[in-house]
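Dear colleague,

Please find the structure below, with its sequence. My notes on what was found in it follow.

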Amino acid sequence: MTYVFPGPDEVAAQLARYGDVREVGTSRLGEPITMVSVGNGPRNALVFAGPHPNEPIGFLTVPRLAEVVRDNDFGYTWHLIGCVDPDGARLNESWYAGPLDRERYLRGFYRPPAHEQVEWTFPDGLPETRALSSVIDEIRPDLLCSLHNAELGGVFYYLSEDRPGLADTLANLPTGIPLHTGEAELPGTRRIRPGVFLFPSLEAVNTAMPGMSSVHYASRYGTFSLVIEVPMWSDERSTDTSGCGEQRADVLARVARMIEDIERMPDLPIAEFVVQDSPFLRAYADLRPGAARFASALRAHRPQGEATVAERFGHQETAHMLRLRACTTALRILDGELGVGNHRAAVRSARKAYAELFESWMAEEGSVAQPIQPDLLVNAQLGAILSAAKS
C-alpha cells in the first residue's frame with residue numbers, strides 16, 4: 001500500500017483553490033503560514049493541521065473540508081490553516097511519500113521538543129504559535145478543531161466541555177476504524193463516552209508536561225474545541241475490553257520502567273560533533289527529562305482494579321513508541337554527523353551502539369498492526385468536524 005501525504009507547499013496550493021490566501025505569520029526559518037477562509041456563516045470555525053509535524057493526516061483532511069464547506073458552510077465562516085509548522089513538516093517529508101511501514105516512518109521521524117511544539121507553547125512561545133494565537137484573538141472562534149494522529153490504536157476525541165449529545169455522536173460515527181477504548185494519553189482526562197474524553201485542565205496537564213495548548217488559550221473566548229486523534233495503524237487489541245489478568249497499577253509501574261530505558265540510553269558524544277545545535281539535538285535533549293516526568297506521573301497514578309487488554313496494550317505501545325522515537329532521533333543526529341564527514345571514532349561507536357539498540361527494540365515489537373487506508377482517516381476527521389459544527 002502506498003501512502004502519499006502532501007507537504008506544506010502542496011497543502012497550501014490545494015487550499016488556494018477554495019479562497020484567497022492570507023499570510024498569518026512566518027515560521028522560525030521564514031516559511032509562510034497561510035490561511036484560507038471559506039463560507040459566509042455568522043459563526044467562526046478555525047481548523048488547523050500539523051501542530052505536530054509527524055502527524056500528517058490533517059494535511060489531507062483540511063483541503064477536503066474546504067471542498068465540502070464551499071458548498072455548505074453549516075452556518076460558519078471556516079478559517080483553514082493547512083500546516084502550522086512547515087519547518088517541522090519538512091523534516092518528516094522523507095516518509096510522507098510512502099510506502100508506509102513503522103520502521104520507515106521511525107527512520108524518517110522528527111518531533112520537536114515540547115518547548116518547540118506549536119500546540120504546547122501558547123500564547124507566544126514561537127513565531128508559529130504567535131501566528132495561531134493572533135488568529136484566535138482576531139476571529140474568536142466559536143469552534144476550534146486541532147487535527148492530530150497517533151501511530152497506533154483506535155480513533156478518539158477530546159472535547160473542551162462535556163457535551164453528551166456530541167459525545168454519543170462521535171462514539172458512534174461509522175468511521176471503519178476501531179474506537180479507542182483504553183485510557184487517554186493526557187493526564188487528568190475524564191472519559192465521557194468510550195473514545196471521547198474531556199480535555200484536561202492546564203493544571204492537570206502541567207503535572208506531566210509544561211505548556212499551554214490551543215484549547216486552553218481559546219477558552220478565554222468561550223470557544224468550544226475538538227481535538228481529533230486518528231491512528232495510522234490499527235491493532236485489534238486496542239479495542240479489547242476484556243480483562244488482561246494484570247492490575248492497572250502493575251501495568252503502569254512496568255510501563256514506567258520501560259520508559260525509563262530512555263534515561264539509560266548511551267550518551268551522545270556531543271563534544272565531538274561538528275554541528276553543535278540542530279532541531280534533532282534539541283529534540284534529543286528534551287527526551288530524557290521528558291521521559292522522567294512521564295514515568296513519574298505514571299508511578300504517581302495508582303488506579304484500582306484489573307486492566308483491560310486495551311489498557312495494557314495502549315500503555316505498552318506508548319512506552320515502546322517513546323523508546324523507539326528517542327533511539328531514532330539519536331540515529332538521525334549521528335547519521336547527520338557522518339554525512340558531513342565527521343567520522344571520528346566516538347561518532348562511529350555511538351552510531352553502532354544506537355543501531356544495535358534500535359534493532360533490539362524493534363525486535364520487541366509485539367504488534368500485528370495494519371496500516372489504515374488514508375481515505376478512512378480523512379473521513380473520520382471530517383465526520384468529527386462536521387458533527388461538532390452541527391451540534
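A salt bridge here is a side-chain nitrogen of Lys or Arg within 4 Å of a carboxyl oxygen of Asp or Glu. Please bear in mind throughout that this is a predicted model.

Salt bridges

A search of the whole structure finds 31 salt bridges. In one of them, Asp-9 is joined to Arg-90, with 2.8 Å between the closest N and O atoms. Because Asp-9 belongs to helix α1 and Arg-90 to helix α3, this pair ties together parts that are 81 residues apart in sequence. Asp-9 counts as exposed, at 51% relative accessibility, whereas Arg-90 is partly exposed at 27%.

Another salt bridge joins the side chains of Arg-107 and Glu-359, at 3.0 Å from N to O. This pair also links distant parts of the chain: Arg-107 is in helix α5 and Glu-359 in helix α13, 252 residues apart. Both residues are partly exposed, Arg-107 with a relative accessibility of 36% and Glu-359 with 42%.

The salt bridge between Lys-352 and Glu-356 has its closest N and O atoms 2.6 Å apart. These two residues lie four residues apart in helix α13, so about one helical turn separates Lys-352 from Glu-356. In general, an α-helix has 3.6 residues a turn, so residues three or four places apart point the same way. Lys-352 is exposed at 51% relative accessibility, and Glu-356 is partly exposed at 46%.

Finally, a network of salt bridges links Arg-28, Glu-116, Glu-128, Asp-277 and Arg-282.

Helix α1

Which residues of helix α1 are buried? In this helix, which covers residues 8-15, they are Pro-8, Val-11, Gln-14 and Leu-15. They are on the same side of α1, because they cover an arc of only 130 degrees around the axis. The elements against which these buried residues pack are β2 (32-38), α2 (57-71), β4 (76-81), α3 (86-90) and α4 (93-96).

Aromatic pairs

The count of aromatic pairs comes to 15. One of them is formed by Trp-95 and Tyr-105, whose ring centres are 4.7 Å apart and whose planes stand at 85 degrees, so the pair is edge-to-face. Trp-95 is in helix α4 and Tyr-105 in helix α5 (residues 102-107), ten residues apart. Trp-95 and Tyr-105 are both buried.

Trp-120 and Phe-199 form a stacked pair, with 6.4 Å from centre to centre and 15 degrees between the planes. Trp-120 lies in the loop between α5 and α6 (127-139), and Phe-199 in the loop between β8 (196-198) and α8 (202-205), so the pair ties together parts that are 79 residues apart in sequence. Trp-120 is buried, with a relative accessible area of 7%, and Phe-199 is buried as well, at 11% relative accessibility.

Ring pairs also link Phe-5, Phe-59, Trp-95, Tyr-96, Tyr-105, Phe-109 and Trp-233 into a cluster.

Surface and helix α12

Val-274, Val-275 and Val-340 make a nonpolar surface patch of about 240 Å². Val-340 is in the loop between α12 (309-339) and α13 (345-363), and its relative accessibility of 53% means that it counts as exposed.

Asp-335 is located in helix α12 and is partly exposed, with a relative accessibility of 35%. From C-alpha to C-alpha, Asp-335 and Pro-266 are 16 Å apart in space, while in sequence they are 69 residues apart.

With kind regards

Terms used: Residues numbered from 1 in each chain as written. Predicted model: local features only at pLDDT ≥ 70, side-chain atom pairs only at ≥ 80, totals over all residues. Heavy atoms only, no water. Patch = residues over 30% accessible without salt bridge, like charges linked within 9 Å, V, L, I, M, F, W, Y side chains within 5 Å. Areas by Shrake-Rupley, 256 points an atom, 1.4 Å probe, with all protein chains shown as cover. Buried < 20%, exposed > 50% of the residue type's maximum accessible area, 1.4 Å probe, protein only. Arc of directions from axis to C-beta. Contact = heavy atoms within 4.5 Å. Phe/Tyr/Trp six-rings, centres within 6.5 Å; stacked < 30°, edge-to-face > 60°.
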